[in-house]
Amino acid sequence: MNPQKKMIALSLLGLSLMSCQKTTFQGEPENGTLARAVTPTSNAAPSMHLIQQFGSQSVLKMQKIKVVQTAYAEYFEVNSFTGGYAGLQHTIDSASAGGSTSKTLIASLWDPNTAGGIHAYASYRGTNTVYSRFGGEGDGAKTVNPYGWKINSWYNIAHRSWKSGDSIFIATFIQDLSTGKWFHTSTLSAPGTSEALGNYNDSFLEDWVGNDDRMDGRFPRKAFFKDCWALTASGTWQKPSGRYVSINTSSADSARNGIYNNSFDAGYNNTEDAFYMAHGAGVTPSSIFNGTRSANLPAQTGQGTAPSVTAVVTDSLTAYYSGNKIEINWVNNTATGPQLSSRIEVLNASGTVIKSVQDTIPQKRKASISQLLSDGTYTIRVTVTDIFNNTGSPVAYPLVVNGGTSIKPNAVYELKPASAPGRNLDVDYSGTASGSNVSVYTDTNGNNQRWRIAYTGNGYFRLTPLHAPGQSLDVYAGSSVSGTNVEIYASHSGAAQQWKFLSLGSGYYRLQPGCGPLLSLGTAAATDTNGNVNVTTDTGAGTQKWMLTYVSD
């Protein structure tokens, strides 16, 4: 069980803020300094809110947090949004945390109408994320991920919303600022009319005290918050126009807090350029409260006019055609903006888009597109837009279709010349050293006759002999002269090891080296005999036509 939220009045804004349901755990404090020892009680550290206001509604909210003191049964809410919230928890609830860590990331969304059967749900769960329903102080959907956050480390937590059909979707992302890497923990969804996330942000500290005396207000907790941003639907960044802190004042809260009812503090820290909230034993209110339980806060000094975000980068793309379907896979750099949407295009040889698929699915990294393709060369192009509305550079992959299929990415093939169908492209004597000669030789099923074909960019591929993975098929000295010998050589990025495959139909290909685009790989002999291999001027002869035979992935 993790905290669920209940609504409490906030008269200053006429808005609603959220508190958390309590549960029972065991554990020891983990603090930047030692916890102060006092008599054990069941009293709780007082619940408190940091409210930051924006001028208009948003489709993205984001804020950074650093926890410097913590203990079990603590919830550090970072962001709130219309109908939900998310933040860091310190708990050993193994059922909901996956049993692997006590420091989790939680995101929750209330049902629009539980009694009417209109429920929130999880449409995506990241690796190790656990989904469950909650109820009691409200009903809805929640996800918990055993993220394993660390004290004294900064994290950036972002939520991005969008609408699809009659539902809104809210995806939660966390970035470890020590590595820059983002992780998409979950996407929650519910029927709704608007994708707006609200025009304020509520950050929250709560000690959901239980019946174990190691969970209560005896242990101080403290966290810093900074760089709170909101992005409007039109793409405008907003920073808070006002901010204040408020400590719960109800009689029920006062009774629950007991001796720790006034053990709270908050303010702005110049060194961290951040706001802080703290509560628990030994914490006392600073002068900004002036004997009250609320206080206005100054603007963050170094926030700037827009957040510093890195636009999404797609590191790699592969595609494969078989059975009238194109299978596409891509990988984004996790230290760049998380994906929000993608556009996949299929272009013919003249560059005309013959198929386009676009959707908003942040976790999508592969697609299967039904499309009949005749023999020839096509281009698969993927363009990704991130949660910050930045569109990354398109990434392309050549799809060389021949006989109803294409070259499978990173797969192993044998290459047979049309003039010598009983032979394979072969590294002489299974040589592994740079400069080992290449010829065609009787099929032996040896690894020196098997080649892994990997895309290297700009329409070119690398051929690596399976027996010598550090070597590549190479044109001697990178020459563009007809008749130049071919060998294997230590892999490098030069044009001598880049090969373009051209479909000739009937399963045959022509291989053109990057260093000599008017040349083709060919055998010296025009008959079915063993013989040397070189590059010569394109003639269309059978000595320059190669049949690819798939061996394995």
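# Aromatic pairs and salt bridges in a predicted model

Me: How many aromatic pairs does a search of the whole structure find?
Reply: The search gives 20 aromatic pairs. Keep in mind that this is a predicted model.

Me: Take Trp 229 and Trp 237. Why is that pair edge-to-face?
Reply: Their ring planes are at 80°, and edge-to-face needs over 60 degrees, so the pair qualifies. The ring centres are 6.2 Å apart.

Me: Are Trp 229 and Trp 237 buried or exposed?
Reply: Both Trp 229 and Trp 237 are buried.

Me: Which residues form the aromatic cluster?
Reply: Tyr 75, Tyr 85, Trp 110, Phe 134 and Phe 204 form one cluster.

Me: And charges over rings. What sits over Tyr 276?
Reply: The charged end of Lys 222 does, 4.9 Å from the ring centre. Elsewhere, Lys 226 lies over the face of Trp 154, at 4.7 Å from the centre of that ring.

Me: Switching to salt bridges. How many does the structure hold?
Reply: It holds 15 salt bridges. One of them joins Glu 272 to Lys 66, with the closest N and O atoms 2.7 Å apart.

Me: Where in the chain are Glu 272 and Lys 66?
Reply: Glu 272 is in the loop between strand E19 (264-269) and strand E20 (274-279), while Lys 66 is in strand E5 (residues 60-70). The pair links distant parts of the chain, 206 residues apart.

Me: Why does Lys 66 count as buried?
Reply: Its relative accessible area is 10%, and buried means under 20%, so Lys 66 falls in that class.

Me: What about Lys 364? Which residue does it form a salt bridge with?
Reply: Asp 359, with the closest N and O atoms 2.7 Å apart. Lys 364 also counts as buried, at 12% relative accessibility.

Me: And what is the N to O distance between Lys 416 and Asp 443?
Reply: Their side chains meet in a salt bridge at 3.1 Å. Lys 416 belongs to strand E30 (residues 412-417), and Asp 443 to the loop between strand E32 (438-442) and strand E33 (451-457), 27 residues apart. Lys 416 is buried at 15% relative accessible area, whereas Asp 443 is partly exposed at 31%.

Me: Which residues are in the network with Lys 416 and Asp 443?
Reply: Glu 414 and Arg 450 are linked with them in a network of salt bridges.

Me: Last thing, confidence. Where does pLDDT stay under 50?
Reply: Over residues 31-40, where the model has 21 contacts beyond four places in sequence, and over residues 94-99, where it has 10 such contacts. Where pLDDT is low, the predicted coordinates should not be read in detail. The protein chain averages a pLDDT of 90, and 90% of the residues score at least 70.

Technical notes:
Residues are numbered from 1 along each chain as its sequence is written. Side-chain values use heavy atoms; hydrogens and water are left out. pLDDT is the predictor's confidence in each residue, from 0 to 100. Contact means heavy atoms within 4.5 Å. Rings of Phe, Tyr and Trp (its six-membered ring) pair if their centres lie within 6.5 Å; planes under 30 degrees apart count as stacked, over 60 as edge-to-face and the rest as tilted. Buried means under 20% relative accessible area, exposed over 50%, partly exposed in between (1.4 Å probe, protein chains only). A charge sits over a ring if NZ of Lys or CZ of Arg is within 6 Å of the ring centre and within 35 degrees of the ring normal. A salt bridge is a side-chain nitrogen of Lys or Arg within 4 Å of a carboxyl oxygen of Asp or Glu. Helices (H or I, at least four residues) and strands (E, at least two) are DSSP runs, numbered from the N terminus.
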